[in-house]
Amino acid sequence: MRVWWRRYAALVRSAWLVDLQYPAAIAIWMVWNVTEPAIALGIWWSIAGSGTVQGYARDDFVRYFFAVTLINQLTLAWDAWYIDRWVREGELNFRLTRPISPVHEAVSDNIAYKLRTGGAALVLWIAVACFWPAARLAWDPGRWALAALAAVLAAGIRFFNGYATGLLAFWTTRVSALMELQFGISLFLSGRIAPLSFLPPAVVSVAGVLWFPYMLAFPVEILTGAVHTTADYWHGFAGQVAWLVAWWLLYVLVWHRGLKRYGAVGG
Amino acid sequence: MTPAVVAEHLDKVYRVKVRDPGLGGALRALVHPRYEEVRAVADVSFEVGRGEIVAFLGPNGAGKTTTLKMLAGLLYPTAGRASVAGFTPWTGGAAFKRRIALVLGNKQQLLWDLPPEETFQLNQAIYNIPLPLYRQRHDELVELLGLGPLLDKPVRQLSLGERMKCELTAALLHGPEILFLDEPTLGLDVIAQESIRGFLETYRGRFGATVLLTSHYMADVTALASRVLIINRGRLLYDGALHALVARLSPTKRIEVVLGDSVTRDRLAAFGEVQSFQFPNATLDVPREEATVASARLLAALPVLDLSIQDPPIEEVIRTAFEDAS
Amino acid sequence: MSEAPQRVAGLARVLRALLRLNAVEELQYRANFVASVIGTVFSMATALLTLGLFFRHTTRLGGWDYWEVVVLLGIFNALTGVIEAVLRPGIGGLASEVRSGKLDLVLTRPVDAQLFVSFRTLDIWRFSDVVFGLALAGYALVRVGRVPSLVDLVAFAVTFGAAVALVYAMWVALMCLAFWFVAVENISVLFDAFYEAGRYPVSAYPGALRFIFVYLLPIAWVTTVPAGALTGRFGPVTALVASGLALGALVLTRALWRAALRRYTSAGG
């Protein structure tokens with residue numbers, strides 16, 4: 001066990017140091033991550049006018065999309081594109097000859113990057129909230145702790161979902177298309193374009209049986225105070241754990257099958 | 001003494017899509033794709049003893065890298081068995097991987113933006129090398145390869161030769177029994193190549209590791225390997241000691257000249273066997289031992305603008321030397 | 001005076017050769033065509049669904065009704081097609097070429113470097129986006145219930161051309177930054193980020209953003225204006241202003257390019 005602790009410490013440290021070399025590039029990616037919620041906020045701001053849309057006034061939209069920005073930054077999943085490239089360009093080989101699975105490198109990468117950028121996003125939010133009251137959340141550390149837990153679970157779901165999709169690179173060259181497809185769906189079902197309650201009820205029901213809300217909407221709703229009852233909390237966390245396990249199992253399955261295929265057709 | 005590496009009748013067959021050139025062919029492939037079977041490795045068997053250095057020699061696409069990948073556990077053979085350090089490579093798991101190291105000549109394993117020291121420390125954690133043992137090996141390798149001044153520079157600032165030295169160090173820190181090197185001297189200048197070869201010989205002598213390397217440079221073989229395996233078109237053509245191979249090889253050297261004035265092919269033929277003649281360029285073969293003498297006579301007798309002495313290309317050597325075998 | 005037509009003919013020859021080369025290359029990949037079309041259809045469907053979601057809760061967006069915004073969406077797609085087919089593969093690759101030093105190879109050729117870099121690689125399948133986009137805009141125009149007059153169509157053609165030129169100028173400016181900030185690999189992402197704002201009419205944004213998009217980052221001129229020209233919101237005067245703007249942008253960025261090249265070559269690359 002201590003071996004793994006030391007391994008992760010070393011992996012996260014390496015990833016952190018590499019990230020230190022790319023401040024401008026990381027900043028640009030953060031700008032990119034802000035634009036989608038910013039544009040959505042602009043449109044809903046215009047639609048809401050001086051009234052409300054389904055219970056959300058302008059200020060509520062501000063809080064919602066700031067939360068989306070933060071949680072999104074903490075749950076981004078980019079590994080599919082790396083795996084795709086590694087398989088195509090033979091950079092998977094040396095990773096496969098190491099005595100640990102490549103997934104640990106990816107997890108460490110995620111931890112380092114998200115500590116850095118999530119922290120930056122949080123600091124920025126606090127800074128903006130200092131002179132824009134609309135961006136302020138009600139003081140509730142208990143809720144914030146639950147939101148943090150939900151964010152970690154959400155990041156896990158999104159990670160294994162992305163990684164498993166990326167591993168399909170063993171079979172197809174269309175991994176980025178698959179990621180784009182899921183990304184497009186999550187625009188609605190994860191609550192990136194609007195709170196889930198804005199969608200037609202039928203769509204919301206469909207979303208409820210899929211993993212999308214648990215990847216983003218649930219932690220966001222905790223932060224903005226849209227989760228009220230204990231039952232809602234239990235339902236949300238249970239869903240998160242269930243989908244985390246499901247996608248982790250899928251990852252394990254695809255990984256073993258994928259290795260067999262890779263060994264057969266090479267890379 | 002059980003051999004370190006055993007390969008028995010290894011076979012590897014790929015299915016590859018076939019496309020005709022040009023716009024018409026591209027359109028046809030769009031509608032009706034065709035496949036072809038490529039036998040990358042065909043019935044290759046050999047044994048490597050502990051502490052040996054063997055070189056797999058052959059032209060590009062001969063099957064050397066495929067064989068190496070099978071022995072490293074990255075590929076499953078279509079047929080045949082193998083045993084490396086007592087394990088079947090493709091089912092060996094973490095225990096097997098701790099006993100081997102793979103270094104690829106054209107693929108980077110070091111962390112690009114950080115000093116090589118960072119990669120070394122990372123490997124220490126990944127391979128779970130006990131700290132005192134790590135320090136000992138680390139210092140030994142740094143000394144052997146002269147890495148002192150390089151340790152704190154980011155890898156991207158190092159030259160190709162320096163990077164390869166660091167790659168080797170990173171690969172050897174966990175003390176592997178078997179070292180697989182795929183084209184380790186690819187793209188390096190002569191000094192770096194010699195330096196790598198010298199290191200490998202010293203390392204093997206001191207630590208008794210078994211080294212399997214692939215190359216298409218004859219010089220790698222002559223400098224390093226006690227034994228050479230020639231692979232061409234997936235088949236093992238020759239497996240034996242180096243000096244015996246040299247005797248069988250084409251006993252010629254190739255002289256390439258750029259001629260001045262109007263030198264005819266006949267005039268040139270007086271100095272050796274003319275292989276090609278396209279004025280002003282020409283190549284001719286002369287017996288190996290006479291190469292320098294013949295060049296001197298050439299330079300004295302004919303107007304020569306440029307002259308160089310080469311080994312005949314490895315593809316030709318293999319073709320002419322093993323025409324009977326294949 | 002015979003030099004100019006000769007140079008144009010020479011350039012046309014080069015472009016034709018490049019186009020043919022790209023066509024052969026692209027046909028290799030059987031699924032590329034299908035995938036490209038599916039991708040376009042999917043992203044347009046997503047955009048329409050998003051619009052649908054907004055319009056569930058309002059009847060007008062920035063004063064534009066639903067089908068007017070769909071016209072804008074169609075034009076956004078058409079413009080995206082031009083960007084993905086020509087700009088991103090061409091001038092979008094400049095940043096990495098500066099970093100790797102491959103730009104030197106381009107500079108030694110007897111063709112104007114800016115033109116060569118801009119058009120030497122095409123992703124021809126992305127032109128399908130242009131077709132789909134214009135088709136969507138046309139359909140939406142029918143649903144708006146307005147038949148565009150000749151003046152409208154000319155104004156549209158002019159403003160769309162100006163939009164392409166403006167976007168091209170923005171790419172050139174952004175890529176020139178690559179000369180100064182060599183280490184930044186993802187500069188083109190900045191364009192993508194702000195371009196996304198072009199999906200909606202500029203009047204839908206709050207005042208501060210509207211100001212930025214009209215006067216600083218001319219996103220407004222890139223989709224809102226051509227869409228408005230087609231639906232008759234903007235007339236010939238706007239078209240003239242747009243073309244003037246585009247021309248000015250091209251001249252400005254050409255100067256920027258030359259300055260960047262001077263710095264590149266004098267600094268030793």
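**Close-up 1. Pairing of B:F56 with strand 7 of chain B in the predicted model**. B:F56 stands opposite B:T214, a residue of strand 7 of chain B. Strand 3 (residues 53–57) and strand 7 (residues 210–215) of chain B run in the parallel sense, paired over five bridges.

**Close-up 2. The open sheet of six strands in chain B**. The strand order is 5-6-7-3-8-9, and the pairing is mixed. Strand 5 (100–104) and strand 9 (235–241) of chain B each have a single partner strand, so one side of each lacks a neighbour in the sheet. From one strand to the next, the twist averages 15°.

**Close-up 3. The open sheet of three strands in chain B, with helix 2**. Here the order is 2-1-4 with antiparallel pairing. Strand 2 (34–48) and strand 4 (79–84) of chain B are the edge strands, each pairing on one side only. The twist averages 30° from one strand to the next. Five bridges join strand 1 (residues 5–18) to strand 4 of chain B in the antiparallel sense; B:V6 has B:S83 of strand 4 as its bridge partner. Helix 2 (residues 64–72) of chain B packs on this sheet and touches strand 1, strand 2 and strand 4 of chain B. The direction of helix 2 makes about 120° with that of strand 1 of chain B.

**Close-up 4. The contact between chain A and chain B**. Chain A contributes 22 residues and chain B 24 residues. On the chain A side, helix 1 (2–20), helix 5 (93–96) and helix 12 (230–265) each give two or more residues. Helix 1 of chain A supplies the largest share, eight residues. The chain A side comprises 11 nonpolar, seven polar and four charged residues.

Notes
Residues numbered from 1 in each chain as written. Chains lettered and ligands numbered in written order. Predicted model: local features only at pLDDT ≥ 70, side-chain atom pairs only at ≥ 80, totals over all residues. Contact = placed C-beta atoms within 7 Å. Helix = DSSP H or I, 4+ residues; strand = E, 2+ residues; numbered from the N terminus. Nonpolar A, V, L, I, M, F, W, Y, C, P; charged D, E, K, R; others polar. Pairing = 2+ DSSP bridges. Axes fitted to C-alpha atoms, helices over the stretch in contact; angles between N-to-C directions.
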